[in-house]
Amino acid sequence: MKRLLQIAVSALALGSAPALAQDVTITNARLVLGDGGAPIEGGTVVVRGGSVVYAGPASGAPTGGASVDAGGAWVTPGLFATVTSLGLSDVSAVSESNDISARGTPFSAALDTATAINPASQHILVHRASGITRAATTTMPAGSIFAGQGAIIDLDGDANPVMQARAFQMINLGEGGAQRAGGSRVAAYALLSAALREAQALVGKSGIPQTTEITKDDDVLLTRFDAEALVPVVTGRQKLYVAVERAADIRAVLGLKAQYPRLDMVLVGANEGWLVADAIAAAGVPVIADGLTDLPETFEQLGATQSNAGRLARAGVKVALNASTMQDPRRLQQVAGNLVALTRMPGATGMDWGKAFAAISSVPADISGMGGKAGVLKPGALGDVVMWDGDPLEVGSVPTRVFIGGVEQNLENHQTGLRDRYRNLDESARPKAYDW
Amino acid sequence: MLSNKKLRVRLGAFATLASALALGACATTGTAGGTAGDAASTEGDDKKFAAMVESDGVFASTYKPYPNIATALKGATIYDGRGGMIENGVIFFSGGKIVSVGGPDTPIPADIAVFDGTGKFVTPGIIDIHSHLGDYPSPSVQAHSDGNEATSPTTPEVWAEHSVWPQDPGFSRALANGGITSLQILPGSANLMGGRSVTVKNVPARTVQGMKFPAAPYGFKMACGENPKRVYGARGRMPSTRMGNFAVNRETWLGAINYANDPKAKRDLGKETLVGVLKGDILVHNHCYRADEMALVLDMAKEMGYKVSAFHHAVEAYKIGDLLKENDVCSAIWADWYGFKMESYDGIMENAAFLQREGACVVIHSDDKNDIQRLNQEAAKAQAAGLRLGIDIPDATAIQWITYNAAKAMGIEDMTGSLEVGKMADVVLWNGDPLSVYSRPEKVWIDGALMFDATNPKMRPVSDFELGQPGEGDVK
């Protein structure tokens, strides 16, 4: 019994021991900085105290300390996945394990994603092993047009996944928002307008908010707590992610800035963005675009094309790739690679390799308020470094080593356990259950 | 949406009334002749009524290969679909059929169209064994939701082709971006027995008959596990459990066997399909995620006397690769889908490689209007996962997963799925290695007719739905 207790105690200690950031120097890398540029052959990256102190040609690197020879392997910043639900569910179709949306709650804008992130989620472990080191993760709208407040998280699996709580509010102003607002875009705009007016009235006030609840039948579309949660949106202290697809809807959303000049907006989806690319660029609003959506799945995206992201970027719009419409965020690299493929297709507009990689690293980080910190290798950035077994945008390439904040990560998870168990089907000695 | 419908009904009250009357008239006529197929009528002038039977060719294919010219591709790397690879190869097709395939010295006639394939790759037309294009078309509005007759747990009487909307823009995306030349369109998985599938050539057509793959056998869609028990359990009816799933299936098969053995039985559309399965004319495609359930299905198939052609979405197939090999059943799988529902929790990237290690048949499928545009990339992912464990699957074999193996499980492997002399000239010329994310189809031929050419904007099919809409004829 005593021995058992000892084991339990030491296991506990192991689990809770804070992982220490290592000083890491990686040399002889095909080094990708994530800033949109081309890879640097024979590059060196140096991480000290959890942060990058150098990334570039070997010639300029500080000397001293042990180093890892990458042997020419690709080395990149960690990928930044944006608009994900990482950490919010175990199995999305198992409702009790799923915190992505809550149809039964009266709250909407007040929902705070940071309260539910599970750093031990298998999805976090699987995506970490896919080279994603940071993510913007959010609840999704259910009862109202407001999704709630998303968080910026890391994927290192320690006790503190949340880097920034309440980093952005998300709202749907397309067909989805219209349905949730009661059945029309007009209703969605009326609700938005009322909500922002209530929020505006609360600016600078403290104590219990004095606002009117907006309800319809049994549905609560806006509580006073939601109105209060929108105060940082109207004052521009919290970003507003607007999910919208149709060209006309995008124009209407851009027009909101006339009425609420302090809104710090980001468009999400924007499948018809290419039709209004100049207007988006002129407004200086970034876009988190679906990479490969090319079907008129709804009437709000009749003009969908895989060239959308490339055309937006060409017009001068800051474009990141949207993980929420992918089968899983670990497809970010594949989607970015497909945008490179488009550069070889007559009539299509894609992105060159460096820009495509930036669209899944530095650009989404920048849009998330993590510019210069995440998704990029440069002095002062977080020590998120990934070494790959091949071209990171090529299908089939996976990380061989992942560092988050200078801490080397374990790349094992439920899937690797199954993989190792079923390397063969031999049960001649014992059943598979003994093989672990 | 609901209130919209109400509004429409109110506005159109008069029209509704009129059409209801018309419908009534129609129904009356229908009653008089409706059962005529079952037995001869002796009424009046002794005219006998009889419906055609399947062997008469009901809903027959009207597809004919489009005009084509003798064509040769020279200098490309050719994957033949059966595991063979030819560097600097030559393929020559004429009259819609493949005439010769070989190395650089393969003779070709003078005065034919010759394309330089240097640096490019040639594969058979890609085949998706699991699609719902047309049955769940774009735009995916409720009015288009035609893939699941989810009103009874067994609907063997329905045929997917009766739901296919040939104007689904998804067909053209699958052609242009995925090099898809043939696909199987299946009913959904709400039901234990969802109905017949249809195999089509991926050619734009005004009617589904104009797409139907001539002489392709029908498939029969079945589904294990969570979906049927959830859909019907939620309605308080059987099945609500996995054991209920099996009980309903077995009872239904027994009914079909009794029907087959009863020479006096009245025609029954559902049982005709089930008997087609028992005879081996219709191939079973069984949606089934979990290894243990697949093993039970194999025993049920033995008990009732039919064969499973392929398990679809078989995310746990890797746990029973030996059993699947022994039973000669293909596994139609994704490369990386996992964890979205309980029965997909054990999905791993090595599924295909582990099956290949056992010598079992692997097919990579999409079940998705987007992934059907990239089956080549999905195959590449599954191949790479194997290589990381030392399972070295040749590129030509990975291509076989999305060509010949799919054709085999669909029963069309004697006609398409590989580049062999005499077979249909379903051919894709890729602008690079098809197992790379950076490659796309440059040209696609179906039965020797050029149906897509990336270098010619007018060679991109545009469905009726897309005419006059934003982005008509865009690269997509």
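Analyst: Happy to! In helix α5(B), the residues Asn245(B), Val248(B), Asn249(B), Trp253(B) and Ala256(B) are buried, meaning that 20 or more other C-beta atoms, placed from the backbone, lie within 10 Å of a residue's own. These five cover an arc of only 130° around the axis, so they sit on the same side of α5(B); the arc is that of the directions from the helix axis to the C-beta atoms.

A word on the model: it is predicted, with local features needing pLDDT of at least 70, side-chain atom pairs counting only at pLDDT 80 or more, and totals for chains, interfaces and linings using all residues. Residues are numbered from 1 along each chain as its sequence is written, while chains are lettered from A and ligands numbered from 1 in the order in which they are written.

Helices are DSSP runs (H or I, at least four residues), numbered from the N terminus. With 20 residues (242–261), α5 of chain B should span 28 Å at 1.5 Å a residue, and its end C-alpha atoms are 29 Å apart, which agrees. That expected span is 1.5 Å times one less than the number of residues.

Now turn to the face directed away from the buried side: there you find Met243(B), Glu251(B), Leu254(B), Asn258(B) and Asn261(B), which are exposed (12 or fewer such C-beta atoms). What covers the buried residues includes α4 (226–233), α6 (269–278) and α7 (291–304) of chain B.

Terms used:
Helices (H or I, at least four residues) and strands (E, at least two) are DSSP runs, numbered from the N terminus. Two residues are in contact if their C-beta atoms, placed from the backbone, lie within 7 Å.
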